[in-house]
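Got your viewer open and a selection tool at hand? Let's take a walk through this one together, stop by stop.

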Amino acid sequence: MRTYVAGADVGSTTAKVVILDGEGDIAGTSLGPTGASIVEAAQRRFQEAVKAAGIDEHEVEFVVGTGYGRFKIPFGHTQVTEISCHARGAHHLFPGTRTIVDIGGQDTKAISVNELGDVADFCMNDKCAAGTGRFLESAALTLGLPLEEIGPVSLRAARPLRITNVCTVFVESEIMSHMMKGETVEDILRGVHNAIAGRSISLLRRVGINPEISFTGGVSRNVGMVRALEDQLGLRVNVSPLSQFIGAIGAALFALERARGGKLVAAPVEGGT
Amino acid sequence: MSDEDAGKALQKRLLGEYYQSLGDAGRSGQKVAYLFVPGNVVELLRCFDMLPVYPEINALQCGIKKMAGDLILRAENIGYSSDVCGYVKNDIGLMLSDRQSPFGPLPKPDLLVCNYSGCNTFVKWFEALAHFYGAELFVLDIPYLRERGPSTADIEYVVAQLEELADVCARTSGVPFDRERLKRVTSLSYAAEKLWVDVLHAARSRPSPFDAYFEAVFYMAPLNILRGTEGCVEYYRLLLEELVSRQKEGRGPVPEEKFRVVVEGPPPWPHFRSFWELFKRWGVCAVASTYSKVGGLFDQGVFHDPAQPMESIARYAMNSYTNWNLGLRLDLLRQYLREYEADALIIHSVKSCRSFSVGQADFRDVLAKEEGVPTLMVESDLADPRYYSEAQLKNRIDAFFESLAHRRLVGG
């Protein structure tokens with residue numbers, strides 16, 4: 001019988017599940033909004049991923065949960081933080097990775113890893129969601145554009161604006177004030193992307209910018225953000241089509257280690273969050 | 001009663017009596033002096049029978065007792081900004097609430113002794129209280145320390161100010177200055193300080209018999225509130241006995257000591273227990289901390305000296321942790337990491353406190369990047385419960401110890 005393991009990454013915005021086979025190849029994936037119920041979201045994604053892999057739930061030997069909802073995943077055997085999972089996942093897809101920038105719904109993380117993909121150091125944004133994926137979502141909403149269009153639109157900017165305020169609460173008034181001045185949507189959006197890239201790079205500097213750099217998390221699907229980061233870093237960044245799944249892939253790789261009889265750092269006893 | 005209970009019971013009784021005396025101050029007619037914890041000159045004030053009140057300690061008590069949030073809002077209601085120190089706003093809030101602390105009513109000040117000027121906020125804090133209460137304010141100008149010392153000139157400069165303060169105290173209290181009494185008080189301080197250093201050094205053993213951050217911040221209370229009294233000496237004698245017996249039995253604050261850490265920065269008082277739990281669950285024990293030194297760097301050889309009472313008070317006043325420049329503080333962290341064989345450094349940065357938080361990012365840079373010390377920096381606040389985000393703190397703390405544990409597992 002073949003071995004299957006799963007990684008479930010339940011983030012603040014989306015839930016992702018990846019099924020790996022015993023060789024570490026992806027057998028199935030599923031992604032959807034987290035919504036109000038972490039348990040339901042995790043379960044639904046798990047069922048879908050299992051279906052996509054063409055297997056039964058009971059064939060999945062070991063499940064590692066990650067993301068903010070990791071302790072609420074009912075079928076998870078253990079939990080690993082998304083910091084370790086992103087490191088492991090990015091290193092798996094791009095073995096030359098030494099630095100990771102992960103921009104998710106509410107968090108931006110800078111992680112430095114060693115040649116094995118183990119976390120050497122990390123830094124995260126302050127408590128507020130300024131400069132995270134949530135800011136881009138709010139900007140898209142304010143401008144009446146679908147989220148997936150803002151990146152490509154930003155690339156058409158002629159004179160990118162200099163935007164300093166990336167506060168998610170005040171995004172509407174910030175953007176409206178530029179619109180009132182007659183600035184174009186393209187220039188505003190490029191300014192927004194540049195501002196977020198700038199904040200992320202300051203986090204990266206704290207852990208040290210060592211190539212190769214891999215860009216993970218939902219925001220890495222945004223071509224405007226990839227360009228803004230590369231321009232400001234003066235370096236190419238690795239982006240995978242599976243970027244949103246990297247945390248779940250990392251979790252599944254930890255599960256695979258465990259299924260193969262390897263040791264895994266046990267999550268401490270949960271005292272309730 | 002076990003030794004453990006004896007120490008705790010004595011602390012409870014002594015602090016109970018202290019707060020009782022504060023409640024009685026109006027009736028007893030005893031004069032009240034407000035002062036700060038870092039480098040304070042309480043020994044001098046005791047010679048004039050003045051009752052010391054420590055607004056910082058009241059603020060932290062309000063934090064622990066979950067009163068800080070409402071008190072801070074009261075201060076904000078009269079115009080204090082969200083960026084102002086949480087302790088200040090807590091104290092202003094207490095004043096606006098008839099000074100009803102968790103331990104009963106607090107007396108108004110007759111004299112405000114700003115004994116530490118390295119924190120600009122302290123000066124502004126007491127200026128505000130002087131305005132609100134119409135009380136006399138005495139600001140000691142304490143030279144900042146840029147090297148171990150201080151110099152003779154600095155000591156003379158502070159002693160001259162202490163003589164001025166003694167005149168003010170004599171005038172306020174009507175009690176003449178008795179220099180022999182100052183010798184007796186400083187000798188009691190010295191006795192307690194010596195015992196406290198032995199307590200701190202107990203954390204060198206494996207496992208450490210106590211948590212030198214989460215427990216030490218309670219153990220240090222008598223030294224900060226009752227220094228210069230006999231009860232204070234007795235407390236540390238009992239505490240040391242208790243820790244020695246724990247040491248013999250190999251007992252520590254966590255069932256299994258897995259990680260020994262040095263902690264920099266004050267704790268988030270309104271969420272003290274839950275913050276501690278985030279570390280305990282990983283088997284983390286703090287073996288040294290800088291916050292437990294805000295009331296004195298006794299373990300660095302800074303003691304009160306009955307042979308030179310005024311000079312030793314001056315020396316003590318300048319050697320408060322936050323009055324040390326960043327180079328000295330960094331050296332102290334290095335010393336603790338080495339001396340207590342710590343695995344990592346934890347920095348708790350405080351949003352509303354510059355005097356502690358300035359330079360912490362640089363500590364992290366130097367120690368983590370240049371010297372390879374695993375360092376975790378987290379942020380919340382010492383008094384304002386709004387700045388505490390448990391899910392995010394937990395995520396960072398879990399990730400940090402997860403990677404430390406993993407490195408051990410793979411032998412890295």
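## Stop 1: chain B as a whole

Select chain B first: 17 helices and 10 strands are there (helices are DSSP runs of H or I with at least four residues, strands are runs of E with at least two, and both are numbered from the N terminus). Its radius of gyration is 21 Å, close to the 22 Å that the globule rule gives for 412 residues, so chain B is as compact as a globular protein of that length. That radius is taken over C-alpha atoms, and the globule rule is 2.2 Å times the number of residues to the power 0.38. Along the principal axes, the C-alpha atoms of chain B fill a box of roughly 70 × 50 × 50 Å.

Before you click on, keep in mind that this is a predicted model, where local features need pLDDT of at least 70, side-chain atom pairs count only at pLDDT 80 or more, and totals for chains, interfaces and linings use all residues. Residues are numbered from 1 along each chain as its sequence is written, while chains are lettered from A and ligands numbered from 1 in the order in which they are written.

## Stop 2: the two domains of chain B

Now colour residues 3-180 of chain B as domain 1 and 193-409 as domain 2; bounds like these come from an automatic or database domain assignment. How far apart do the C-alpha centres of the two domains of chain B lie? They are 23 Å apart. The contact between them takes 50 residues from domain 1 of chain B and 44 from domain 2 of chain B (two residues are in contact if their C-beta atoms, placed from the backbone, lie within 7 Å).

Which helix gives the most to the domain 1 side of chain B that touches domain 2? It's H1(B), with nine residues. By class, that side of domain 1 of chain B divides into 32 nonpolar, nine polar and nine charged residues. Here Ala, Val, Leu, Ile, Met, Phe, Trp, Tyr, Cys and Pro count as nonpolar, Asp, Glu, Lys and Arg as charged, and the others, Gly among them, as polar.

## Stop 3: helix pairs in chain B

Two packed helices are described by the angle between their axes and the distance between the axes. Axes are lines fitted to C-alpha atoms, for helices over the stretch in contact, and angles run from 0 to 180 degrees between N-to-C directions.

Select residues 179-201 and 230-249 of chain B, which are H8 and H11: their axes come within 8 Å and cross at roughly 15°. That makes H8(B) roughly parallel to H11(B). (Angles under 35 degrees count as roughly parallel, over 145 as roughly antiparallel, 65 to 115 as roughly perpendicular and the rest as oblique.) Show side chains and look for Trp196(B), one of the H8(B) residues that meet H11(B), and for Tyr236(B), one of those on the H11(B) side. The contact of H8(B) with H11(B) has 12 nonpolar, no polar and three charged residues.

Next, pick H4(B) and H5(B), which pack at about 85° with their axes 7 Å apart. These two helices, H4(B) and H5(B), are therefore roughly perpendicular to each other. Residues making the contact include Leu71(B) and Ile72(B) of H4(B), and Lys89(B) and Leu94(B) of H5(B). In that contact of H4(B) with H5(B) you'll find seven nonpolar, three polar and three charged residues.

## Stop 4

Most residues other than glycine have a negative phi, and most peptide bonds are trans. Zoom in on Asp98(B): its phi is positive, about 60°, although it is not a glycine. Asp98(B) sits in the loop between H5 and strand E3 (100-101) of chain B.

Then go to Gly149(B) and Pro150(B), which are joined by a cis peptide bond with omega about -5°. Pro150(B) is in the loop between strand E6 (136-139) and H7 of chain B.

Over in chain A, the peptide bond from Pro211(A) to Glu212(A) is cis too, with omega near 0°. The loop holding Glu212(A) runs between helix H6 (185-207) and strand E9 (213-216) of chain A.

## Stop 5: the domains of chain A

Stay on chain A and colour domain 1 (1-94 + 243-273) and domain 2 (96-239). Their C-alpha centres lie 26 Å apart. The contact takes 16 residues from domain 1 of chain A and 25 from domain 2 of chain A. Helix H2 (residues 82-93) of chain A supplies the largest share of the domain 1 side, eight residues.
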